[in-house]
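Here are my notes for a colleague looking over this model. Please read them with the structure open.

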Amino acid sequence: MNIEERKPIWIALSDFYLDTELQESDFRHIAFKIIESPYSFQKVKEIDKYEIFPVLQPNLMSVAGEWAGFHEEWLVNSIVESLSKRNTAKKIAIESSYLTLKWMNKGYWNKLEKVYNEIKSN
């Protein structure tokens, strides 16, 4: 895995896990980061599910979650550390947790895909 290629995706998608409502400009920014990356939209969804979600999803469950943005160094280090500790049991836990909680970001993914497709078609 190329961390330098992943970082812009991790940082952009971390906005999905803030305790705020994303605006049109946020979705455009994220869509451009995906377009600039070497990854397909589907691959970015997988990156979110297996790399970002396990680290940041607890923020959405917090009463006083982070709303201003995650510190980039902390985010990258946390994701890399999470990936280094991954085993079969943790993968199963991620799958289970994602199935249960993916509704929290489903609207964001729908909106992002629409904006992404609009930008790609122009």
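This is a predicted model: local features need pLDDT of at least 70, side-chain atom pairs count only at pLDDT 80 or more; totals for chains, interfaces and linings use all residues.

The points below cover aromatic pairs first, then helix packing.

1. Aromatic pairs overall. Seven aromatic pairs turn up in a search of the whole structure. Two of them are described below, Phe16 with Tyr108 and Phe70 with Trp74.

2. Phe16 and Tyr108. The ring centres of Phe16 and Tyr108 lie 5.2 Å apart. Their planes meet at 40°, so the pair is tilted: stacked would need under 30 degrees, edge-to-face over 60.

3. Are Phe16 and Tyr108 buried or exposed? Phe16 has a relative accessible area of 1% and is buried. Tyr108, at 13%, is buried too, because the cut-off is under 20%.

4. The aromatic cluster. Phe16 and Tyr108 are also members of one aromatic cluster.

5. Phe70 and Trp74. This aromatic pair is stacked. The centres are 6.0 Å apart, with 20° between the planes. Phe70 is buried, at 16% relative accessible area. Trp74 has 41% relative accessibility and counts as partly exposed, because that value falls between 20% and 50%.

6. H1 against H2. The axes of H1 and H2 are 10 Å apart, and the packing angle is about 165°. That makes H1 roughly antiparallel to H2, because the angle is over 145 degrees. The crossing of H1 past H2 is left-handed. On the H1 side, the contact involves Pro8, Ile9, Ala12 and Leu13. They meet Ile30, Lys33 and Ile34 of H2. By class, the residues of this contact are six nonpolar, no polar and one charged.

7. H1 against H4. Which residues of H1 meet helix H4? They are Ile3, Lys7, Trp10 and Ile11. Their partners in H4 are Glu72, Leu75, Val76, Ile79, Val80 and Leu83. Eight residues of the contact of H1 with H4 are nonpolar, none polar and two charged. H4 spans residues 72-84, and its axis lies 10 Å from that of H1. The angle here is about 115°. H1 passes H4 in a right-handed crossing.

Methods:
Residues are numbered from 1 along each chain as its sequence is written. Side-chain values use heavy atoms; hydrogens and water are left out. Rings of Phe, Tyr and Trp (its six-membered ring) pair if their centres lie within 6.5 Å; planes under 30 degrees apart count as stacked, over 60 as edge-to-face and the rest as tilted. Buried means under 20% relative accessible area, exposed over 50%, partly exposed in between (1.4 Å probe, protein chains only). Axes are lines fitted to C-alpha atoms, for helices over the stretch in contact, and angles run from 0 to 180 degrees between N-to-C directions. Helices (H or I, at least four residues) and strands (E, at least two) are DSSP runs, numbered from the N terminus. Angles under 35 degrees count as roughly parallel, over 145 as roughly antiparallel, 65 to 115 as roughly perpendicular and the rest as oblique. A crossing is left-handed if the near helix is turned anticlockwise from the far one by less than a right angle, and right-handed if clockwise. Contact means heavy atoms within 4.5 Å. Ala, Val, Leu, Ile, Met, Phe, Trp, Tyr, Cys and Pro count as nonpolar, Asp, Glu, Lys and Arg as charged, and the others, Gly among them, as polar.
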